[in-house]
Amino acid sequence: MQDRQTRHGTCRCRWRLTKAGWLSRWVSVHPEEGPRWGLICPYDIALNELQLGWGRSDLALSNRQAEQERQRFCSVSHAMRDLGLIRYTRDAAVAPAGYLYADQDVWTCCEWIRESTLTAVLEMAVAWEIELTFDALTTWLDDIDRGVDPLERDDSKSCVRLCETDDGLSLIRWTRAEGSASQTTPF
């Protein structure tokens, strides 16, 4: 996403998100009042979504959610290693059955195997997912700038799917455009 200051400058949004406990809602504000404490600008929401999905999730997640994600990664790392996607580093503490011990920094215990064909497929899928998400967030922000209610968000029309075929794997990207479009990359 463009630098927030370049695209957004001083916040003059007509909508802000307010959170109270488990509840959140969008409130209409006067743009000339500028930022107010406790009200979140849509641009900050968009940046947080990008951080959470493809950036520094440790900055976007709560401590509880970050721990859940660490535990999830710890549980799938064995399968990822068996598939040839990652290898454990020399310093990694590994159980005899091949699982990482959870009492360590599991993120630094693994490294991607760049030569893997699956790595190329996953990198393409991630690039497409980021592009689709970026386009959806940009459209949403542009709509908000034009005065559209932020709840009128519609970014579910595009998707990326990995499918097994008789010849191997095929990565498919459906996009929402002037009609329907798809792009297929066989692997």
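**Close-up views of a predicted model**

View 1. Val126 sits in helix H5; helices here are DSSP runs of H or I with at least four residues, strands are E runs of at least two, and both are numbered from the N terminus. This is a predicted model, in which local features need pLDDT of at least 70 and side-chain atom pairs count only at pLDDT 80 or more, while totals for chains, interfaces and linings use all residues. Residues are numbered from 1 along each chain as its sequence is written, and side-chain values use heavy atoms, with hydrogens and water left out. With a relative accessible area of 38%, Val126 is partly exposed (buried is under 20%, exposed over 50%, partly exposed in between; 1.4 Å probe, protein chains only). Together with Trp54 and Ile130, Val126 forms a nonpolar patch with about 230 Å² of accessible area. Nonpolar patch members have over 30% relative accessible area, no salt bridge, and side chains joined within 5 Å; areas come from the Shrake-Rupley method with a 1.4 Å probe.

**View 2. Helix H5 from end to end.** After H5 comes Gly147, with a positive phi near 100 degrees.

**View 3. The surroundings of His78.** Look for His78 in helix H4 (residues 63–82), where a relative accessibility of 12% makes His78 buried. A polar atom of the His78 side chain lies 3.1 Å from the backbone oxygen of Ala97. Beyond its neighbours within four places in sequence, His78 is in contact (heavy atoms within 4.5 Å) with Tyr88, Ala97, Gly98 and Tyr99.

**View 4. Salt bridges.** The whole structure holds eight salt bridges, each a side-chain nitrogen of Lys or Arg within 4 Å of a carboxyl oxygen of Asp or Glu. One of them joins Arg153 to Glu49, with the closest N and O atoms 2.7 Å apart. Arg153 is in the loop between H5 and strand S6 (159–165) and Glu49 in helix H2 (residues 42–54), so this pair ties together parts 104 residues apart in sequence. Another salt bridge links Asp143 and Arg146 (2.2 Å, N to O); here Asp143 is buried at 18% relative accessibility, whereas Arg146 is exposed at 59%.

How values were computed:
A polar contact is a pair of N or O atoms within 3.5 Å; within protein, one must be able to donate a hydrogen and the other to accept it, and residues adjacent in sequence count only if both atoms are side-chain atoms. Patches are made of residues with over 30% relative accessible area and no salt bridge: like charges are joined within 9 Å, nonpolar side chains (Val, Leu, Ile, Met, Phe, Trp, Tyr) within 5 Å.
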